[in-house]
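This report describes the architecture of one protein chain for a reader who has the sequence and the coordinates at hand.

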Amino acid sequence: MPQPTLPTQPEEPRVEDVILGVDTHKDVHVAAVITVLGAMLAHQEFPATAAGYRQLLAWACSFGALHRAGVECTGSYGAALARYLGRENVQVIEVNQPDRAIRRKRGKTDAVDAEAAARAVLSGRADVIPKSGEGPAADMRVLRLAKESAVKARTQAKNQLKAVLLGIDPELREALSNLSNTALIATCSDLPDADDAAVFTLRLLARRIQQLTTEVKELARRTTKAVRCCRPQLLDIIGVGPDSAAALLIAAGDNPERLASEASFAALCGVSPVEHSSGKTQRRRLNRGGNRQANAALYRIVITRLRRDARTRLYLERRTKQGMSKREIIRCLKRYVAREIYGQLQPPSPLAVSPSTA
């Protein structure tokens, strides 16, 4: 007898994949959704709030399965959105601003920019994983930002104090002119309260300098502590101090594994030569891009090594005999230091666990 056939369950319709693009701003984000074939589906504006992020994700997922999203300004306006999408298992890809030639042809609107962000992900033109923005490097970034502003304000206050010093009473000016900066500031901060506006200003500026100096020292202490807790091995490298180490860690971010190779880290720091060949001319030019603070940190490391490291001085002598200028030699050394730093930034590989014996 023929066996009875069981009724088959109807197959569920396959959900189509979609790609999200977001043009970020301070108060609102404009999102666009396209298919994997490049068809534009929709675009909409959402507030840059926690509720707005949830609405944006729910709206994008209503068109299909969302796995990738291109977000502009992942280090500023789009940082919070990028972290939220990452927590929701959406791969976030950092997108630069659209090409200027395309903007001239198509015009400039937020919807066009959002669509361009999605198409950059679809074409593979955008493939950079953004910094996570959560961890010691993010903390060092805000500490270093506050320290730089405090140092700049302190320098400005010192210049103002010395400018006011030129127009005060000659006897007081002669008594203060021969003092060192530290003694001058301490003396001016202890000047008696008087009706003289210049004396009052000197005391005010001196106390401001002292307050800013206290802030700089505290911020430097916290930065050093963060470096020692995060990557203490960086401080063992010749020429690397806490400030330079912090600048390099900030450039790499809290997820340095996103950097595919040491060449990508060198490009991030602006120390990788750029091909500039044409016809029979084969040459490379200086890379003026990248993170300029990390580039400056590498320069400080190289200058310190040229003064204190015997191996670096020998390299300088050998390259000088080959006809290279000191500027060219420093560029080569910065590239070598970037390679050495990259090896210390990578997370340690997990050790293989040997099977336990009975």
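The model is predicted, so local features are given only at pLDDT of at least 70 and side-chain atom pairs only at pLDDT 80 or more, while totals for chains, interfaces and linings use all residues. Residues are numbered from 1 along each chain as its sequence is written, and side-chain values use heavy atoms, with hydrogens and water left out.

**The sheet**

Five strands form an open sheet in the order β3-β2-β1-β4-β5, and the pairing is mixed. Helices (H or I, at least four residues) and strands (E, at least two) are DSSP runs numbered from the N terminus; two strands pair if DSSP finds at least two bridges between them. The edges are β3 (40–47) and β5 (91–95), each of which pairs on one side only. On average, neighbouring strands are turned by 25° against each other, direction ignored.

| Strands | Sense | Bridges | Opposite residues |
| β2 and β3 | antiparallel | seven | A32 and H43 |
| β4 and β5 | parallel | five | E72 and V95 |

A hairpin of three residues links β1 to β2. Between β2 and β3 the hairpin has four residues, and G38 in that turn has a positive phi of about 95°. Strand β2 is largely enclosed by the rest of the structure, because seven of its eight residues are buried; buried means under 20% relative accessible area, exposed over 50% and partly exposed in between, with a 1.4 Å probe and protein chains only.

Axes are lines fitted to C-alpha atoms, for helices over the stretch in contact, and angles run from 0 to 180 degrees between N-to-C directions. Helix α4 (residues 110–123) also packs on the sheet, where it touches β1, β2, β3, β4 and β5. The direction of α4 makes about 135° with that of β1.

**The α5 and α9 pair**

Helix α5 (residues 136–165) packs against α9 at an angle of about 125°, with the axes 9 Å apart. From α5, the contact involves A137, M140, R141, R144 and K147; α9 contributes D243, A246, A247, L249 and I250.

**Nonpolar cores**

A nonpolar core is a set of buried Ala, Val, Leu, Ile, Met, Phe, Trp, Tyr and Cys residues joined through side-chain atoms within 4.5 Å. The largest has 38 residues, of which M140, L248, F265, L298 and I341 touch the most other members. At least two residues of this core come from each of α8 (197–230), α9 (242–252), α10 (262–268), α11 (292–308) and α13 (326–345). Beyond its neighbours within four places in sequence, L248 contacts F265, C269, A294, A297, L298, I301 and I341. A second, separate core of 21 residues includes A42, A69, A82 and V92.

**A buried loop residue**

The loop between α9 and α10 contains N255. With 10% relative accessibility, N255 counts as buried. Not counting residues up to four places away in sequence, N255 touches I129, P130, K131 and S132.

Methods: Contact means heavy atoms within 4.5 Å.
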